[in-house]
Amino acid sequence: MAKGGKLIVFSAPSGSGKTTIVQHLLKQEDLNLEFSVSATSRKPRGDEQHGREYYFLSLSDFKSHMKKDDFLEWEEVYRDNFYGTLNSEIERIWAMGKNVIFDIDVVGGLRIKRKFPERTLAVFVKPPSVEELKIRLKKRKTESDEKINVRIAKASVEMATAPRFDQVILNDTLDHALSEASKLVASHIAKPLKNPTALNRPYSNSEE
Ligand code: ADP
Ligand code: 5GP
């Protein structure tokens, strides 16, 4: 693969199933995917490990990366909880000759699509309903009721961004959503780039 593979973005309201889908795709060796480990200022949850789920940074370290323009994109997804994709992460994965897969919020996902329009497949994972989202988050048991309510309150705004994505997958039956996701990603990866040598320069949120 020429330097710079494909970018596959999965975005959705929290609880829609994007982590489940992304983890399934990562097991498919033919897709040659590597997970983009984001940086975050939130604390680790459960058995999350630094460098595996996230790079867990202090708020001041996160902000110092912001100042140095080290991020391809970043968002304050929830109040005082910052999340962002470091440029160095994409470079790390492309140097391995792999395609990058992201599990990021809708704003960050659309930002990456704008920056790399041809290389990026942006997929929105749609839950059957906001009520079902709440049920899934409660069952997942990773957030307090208060945090679940914050995530649900944000979901309607996030759902409205679905038409701006390249593809929307309805995650009603998991098997159906997984096979749909595999097909879409395989077809995007197989598509040759019109101009593979023209790499977009990563630039920061502040240049928009
Ligand atoms: P996200 O990463 O979007 O927050 P997750 O992948 O963690 O969502 O999924 C939220 C919860 O819903 C998890 O407990 C997961 O096992 C469950 N889940 C995912 N897809 C489905 C589905 N189609 N039907 C029922 N439960 C699901
Ligand atoms: P969680 O705290 O549940 O791991 O993630 C909260 C939200 O932040 C999810 O919607 C997740 O997709 C999003 N997120 C994770 N990493 C990034 C990132 O690098 N950039 C952006 N914009 N959002 C991210």
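Helices (H or I, at least four residues) and strands (E, at least two) are DSSP runs, numbered from the N terminus.

This is a predicted model, where local features need pLDDT of at least 70, side-chain atom pairs count only at pLDDT 80 or more, and totals for chains, interfaces and linings use all residues. Residues are numbered from 1 along each chain as its sequence is written, and side-chain values use heavy atoms, without hydrogens and water.

Helix 3 spans residues 87–95, and its buried residues include Asn87, Glu89, Ile90, Ile93 and Trp94. They cover an arc of only 160° around the axis, which puts them on the same side of helix 3. The arc is taken from the directions from the helix axis to the C-beta atoms. Buried means under 20% relative accessible area, exposed over 50%, and partly exposed in between (1.4 Å probe, protein chains only). Just after helix 3, Gly97 has a positive phi of about 75°.

Now the rings. Phe, Tyr and Trp rings (for Trp, the six-membered one) pair if their centres lie within 6.5 Å; planes under 30 degrees apart are stacked, over 60 edge-to-face, the rest tilted. That rule gives seven aromatic pairs. In one, Trp74 and Phe82 have ring centres 6.1 Å apart and planes at 40°, so the pair is tilted. Phe82, at 7% relative accessibility, counts as buried, and Trp74, at 26%, as partly exposed. One aromatic cluster is formed by Phe62, Phe71, Trp74 and Phe82.

Technical notes
Chains lettered and ligands numbered in written order.
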